[in-house]
Amino acid sequence: MNIDTAIGTGTDLKGQLKQNIGEATNDPALQQDGTLDQISGQARKGFGAVRDFAKRQPVAAAVAGALGLAFISKLLGHPLAPGRNGR
């Protein structure tokens with residue numbers, strides 16, 4: 001477990017608490033804030049899991065990162081290297 005996983009877990013739990021208190025007090029703003037905290041916490045936990053994977057499997061993580069970059073670049077229509085369309 002790394003710092004991102006720990007902080008993400010704490011943020012997720014804080015969000016659950018806020019959402020429950022918001023439901024109990026009928027406070028939609030607090031409920032929404034709790035939901036956003038939960039989403040943020042889960043995202044941070046996911047980032048922590050990716051970091052742990054990269055630490056355990058550096059070659060696989062590098063390959064996955066390169067493939068992900070190529071995929072995103074293709075979706076955005078940007079070439080990774082010059083030569084396409086006269087660039």
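At what angle do the axes of helix H1 (residues 3-24) and H2 cross, and within what distance do they come?

Mentor: Keep in mind that this is a predicted model, where local features need pLDDT of at least 70, side-chain atom pairs count only at pLDDT 80 or more, and totals for chains, interfaces and linings use all residues. Numbering runs from 1 along each chain as its sequence is written, and side-chain values use heavy atoms, with hydrogens and water left out.

Now your pair: the axes of H1 and H2 cross at roughly 165° and come within 7 Å. That makes H1 roughly antiparallel to H2 (the term covers angles over 145 degrees). The H1–H2 crossing is left-handed, meaning the near helix is turned anticlockwise from the far one by less than a right angle. Sort the residues of the H1–H2 contact (heavy atoms within 4.5 Å) and you get 6 nonpolar, 16 polar and 11 charged.

Thr 35 has 31% relative accessibility, so it counts as partly exposed (between buried, under 20%, and exposed, over 50%, with a 1.4 Å probe and protein chains only). From Thr 35 to Lys 14 is 21 residues in sequence and 9.7 Å in space, C-alpha to C-alpha.

H2 (residues 28-56) also meets H3 (residues 58-76): their axes come within 5 Å and cross at roughly 125°. H2 and H3 are therefore oblique to each other. On the H2 side the contact uses Phe 53, Ala 54, Lys 55 and Arg 56, and on the H3 side Pro 58, Ala 60 and Ala 61. That contact divides into 5 nonpolar, no polar and 2 charged residues.

Definitions and conventions. Axes are lines fitted to C-alpha atoms, for helices over the stretch in contact, and angles run from 0 to 180 degrees between N-to-C directions. Helices (H or I, at least four residues) and strands (E, at least two) are DSSP runs, numbered from the N terminus. Angles under 35 degrees count as roughly parallel, over 145 as roughly antiparallel, 65 to 115 as roughly perpendicular and the rest as oblique. Ala, Val, Leu, Ile, Met, Phe, Trp, Tyr, Cys and Pro count as nonpolar, Asp, Glu, Lys and Arg as charged, and the others, Gly among them, as polar.
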